[in-house]
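Here are my notes on the model you asked about. They are numbered so that you can check them one at a time.

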Amino acid sequence: MRGKTDTINAVGPVFRKPGIYRVRQALRRDWQLLLLCSVPVLYFIMFHYIPMYGVQIAFKDFKAVDGILGSQWCGFKHFQRFFSSSQFWPLIKNTLGLSFLQILLGFPIPVLLAIMLNQTRNQKFRKFVQSIVYCPHFISIVVLTGMLYIFLSPRNGIINQVIQMLGGDPVFFLGDAKYFKLTFVISGIWQNAGWSAIIYIAALAGISPDLYEAAQVDGANKWQRIWHIDIPGILPTVVMMLILEVGKVMNLGFQKAYLMQNAQNLGASEIISTYIYKVGMIDAQYSYSAAINLFNNLVNILLLVTVNRIAKKTTNNSLW
Amino acid sequence: MTQEKKRLHRSFKTQAPADRLFDIINYLILVLVAVCVLYPLYFIVIASISDPVAINNGQVSFWPVGFNTTGYEKIFENTKIWRSYSNTIFYTVVGTTINVVMTMMLAYPLSRKNFFAKKLLTLFVMFTMYFQGGLIPTYLWMNDLHLYNTPWVMVLLPAINVFNLIIAINYISNNIPEELYEAASIDGCNHIRYFFSIVLPLSKTIVVVLILYYGVAHWNEFMNGLIYLRDEGLYPLQLTLRNILLQNQASGLGDVDSIIEQQKAAELIKYGVIIVSTLPVLVIYPFLQKHFAKGVMVGSVKG
């Protein structure tokens with residue numbers, strides 16, 4: 001075995017050709033693969049990389065007549081303006097607060113749901129519950145928000161009817177900054193908990209049946225089997241998903257927050273992504289909006305790298 | 001479920017009491033979860049064919065009260081809704097076709113282990129997941145390309161989704177062995193012919209998954225329309241829906257006599273329009289569910 005690899009290694013350098021020659025050889029072999037991916041690559045250049053080049057307007061005073069290149073450089077002016085604006089801390093607070101509440105309440109539920117579904121022995125029942133809980137995932141965010149307005153209406157919404165039946169006063173959940181975060185997170189759980197459970201269900205299905213058999217022989221009950229087999233079994237997947245979640249804390253979806261936003265709940269619903277939209281598209285302060293966007297993007301990358309590194313050190317799981 | 005696993009499940013009667021209690025609680029909670037998820041959807045359906053007065057008074061809870069189809073009639077009369085409905089069908093059909101073709105064209109080369117540019121191109125593509133131009137630079141560029149306020153921005157801008165691309169790459173590299181190409185190439189088959197006559201037919205599963213993923217994304221697309229379209233005539237369904245559901249523009253629709261009548265109709269239109277817009281997705285849902293879940297599995301296996 002050893003001798004064989006040695007021969008290969010010994011032969012290798014002899015055939016090694018100069019760089020350009022090798023590239024030409026590779027091109028002759030793979031030019032059709034290159035041809036296949038040329039259009040998609042062109043797409044990435046046109047729709048992703050050229051806009052990246054436009055990020056420079058964050059450091060310029062962009063004027064439409066001068067174009068991106070012709071506008072005057074102005075250094076970190078827009079960044080300084082954002083950091084010292086009265087909006088800065090409320091925006092960070094709202095974005096992080098919403099994200100962390102989402103992780104705190106939303107992250108454990110799919111895991112629990114997967115474990116519970118895994119424990120049901122009746123296949124038909126299990127399939128039935130699965131197909132119900134996956135369903136809201138396919139509803140559009142516009143419809144979801146419309147449904148929230150219908151169900152939470154202080155006048156005739158079901159939730160408020162129940163509150164009144166129990167003797168309480170109707171609450172205008174969507175018109176009050178106090179309730180915005182909870183409404184946002186709980187409706188998100190309703191829509192996505194089932195769907196997010198799929199990955200854990202798959203992980204649970206991958207656990208060897210021998211472990212359960214051995215546990216049963218040892219007289220372990222269901223709780224003990226969940227605690228000592230299921231949970232350690234899906235822990236790597238859970239950690240991976242948690243990394244992804246934490247990496248996204250500054251990157252909360254624009255659409256739902258934007259759609260749920262109104263003048264009354266603005267104090268809690270204005271997050272970075274909605275602010276970028278407002279400043280850029282409505283107030284047409286292009287450079288300022290691009291600067292906030294760039295700042296947000298960089299913080300995101302930093303977060304993802306940090307969280308990934310921590311996960312690698314502590315659990316040996318990582319994205320890359 | 002495998003035979004082995006089935007053997008493990010003792011019948012309910014022979015279980016230890018603690019396990020039996022566990023099962024009962026487990027089933028109860030799951031039933032409760034299912035009811036909580038399903039009820040809001042069911043309510044929308046029954047409310048859409050009920051009398052708006054009964055809904056207002058809280059009389060509608062388990063079945064329709066005062067059968068009534070005014071909401072749907074108003075929706076059928078509404079040209080704005082149908083206009084945006086047909087727009088969305090166009091965006092979905094054309095967009096998804098472009099999506100699938102582009103994704104497969106890139107996924108095949110990137111799944112070949114000895115493609116000399118594989119590493120470089122993968123990095124090139126993955127980079128866009130972490131760093132983007134962002135809203136304004138992209139908006140300005142779409143303007144420069146004269147794509148702003150045209151239907152093409154809706155189908156070209158989201159042409160490839162990197163997550164879907166990764167799923168496709170994983171699928172091809174796990175299911176179509178590299179040796180197959182080597183065998184075919186001895187018979188004089190080149191990459192392009194191989195891609196069309198062997199890779200695509202063998203990738204039916206993943207193509208279906210991609211069609212569904214991209215199709216639903218187009219159907220539910222809202223943000224691109226909001227940013228890049230100005231003409232109402234080009235609006236996708238979700239944008240018109242937003243105006244009706246969240247900005248109460250329904251009252252301006254159709255010709256209704258009194259204000260009270262108008263308000264009643266507006267309420268009904270809200271329920272009906274949710275059904276009409278979600279119907280296509282719900283109709284293919286049983287099919288969808290199976291393949292979507294498959295996509296999640298394929299995507300989670302590293303290639």
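1. In chain A, the centres of domain 1 and domain 2, taken over C-alpha atoms, are separated by 35 Å. Domain 1 of chain A covers 16–75 and domain 2 covers 77–315; such bounds come from an automatic or database domain assignment. Eight residues from domain 1 of chain A and seven residues from domain 2 of chain A make the contact between them, where two residues are in contact if their C-beta atoms, placed from the backbone, lie within 7 Å. On the side of domain 1 of chain A that touches domain 2 of chain A, five residues are nonpolar, one is polar and two are charged. In this classification Ala, Val, Leu, Ile, Met, Phe, Trp, Tyr, Cys and Pro are nonpolar, Asp, Glu, Lys and Arg are charged, and the others, Gly among them, are polar.

2. A word on the basis of these notes. This is a predicted model, in which local features need pLDDT of at least 70 and side-chain atom pairs count only at pLDDT 80 or more, while totals for chains, interfaces and linings use all residues. Residues are numbered from 1 along each chain as its sequence is written, and chains are lettered from A and ligands numbered from 1 in the order in which they are written.

3. Chain A as a whole has a radius of gyration of 27 Å, whereas a compact globule of 320 residues would have one near 20 Å. That radius is taken over C-alpha atoms, and the globule rule is 2.2 Å times the number of residues to the power 0.38. Along the principal axes, the C-alpha atoms of chain A fill a box of roughly 90 × 75 × 35 Å.

4. Chain A has 16 helices and two strands; chain B has 16 helices and zero strands. Helices (H or I, at least four residues) and strands (E, at least two) are DSSP runs, numbered from the N terminus. Of the contacts in chain A between residues at least 6 apart in sequence, 65% join residues at least 24 apart; for chain B the figure under those limits is 73%.

5. How much of each chain is buried? In chain A, 32% of the 320 residues count as buried, and in chain B, 35% of the 303 residues do. A residue is buried if 20 or more other C-beta atoms lie within 10 Å of its own, exposed if 12 or fewer, and partly exposed in between, with C-beta atoms placed from the backbone.

6. The contact between the chains takes 76 residues from chain B and 73 residues from chain A. Helix α2 (residues 17–48) of chain B gives the largest share of the chain B side, 13 residues. That side divides into 52 nonpolar, 18 polar and six charged residues.

7. Axes are lines fitted to C-alpha atoms, for helices over the stretch in contact, and angles run from 0 to 180 degrees between N-to-C directions. A:Q32, A:L33 and A:L36 meet B:H191, B:I192 and B:F195 here.

8. B:H191 counts as buried, with 23 C-beta neighbours inside 10 Å. Leaving aside residues up to four places away in sequence, B:H191 touches A:Q32, A:L33 and A:L36. The C-alpha atom of B:H191 is separated by 9.1 Å from that of B:P109, 82 residues apart along the chain.

9. A second pair is helix α8 (residues 141–152) of chain A with α14(B), packed at an angle of about 10° with axes 9 Å apart. This makes α8(A) roughly parallel to α14(B). Residues A:V142, A:V143, A:G146 and A:Y149 meet B:Q238, B:L241, B:R242 and B:L245. Helix α14 (residues 237–245) of chain B is mostly covered, with eight of its nine residues buried.

10. A:A284 is not a glycine but has a positive phi of about 55°; A:A284 lies in the loop between α15 (272–282) and α16 (286–315) of chain A. B:H146, also not a glycine, has a positive phi of about 60° and lies in the loop between α7 (135–144) and α8 (152–156) of chain B. A:A284 is exposed, with 12 other C-beta atoms within 10 Å, and B:H146 is exposed, with 10.

Key: Angles under 35 degrees count as roughly parallel, over 145 as roughly antiparallel, 65 to 115 as roughly perpendicular and the rest as oblique.
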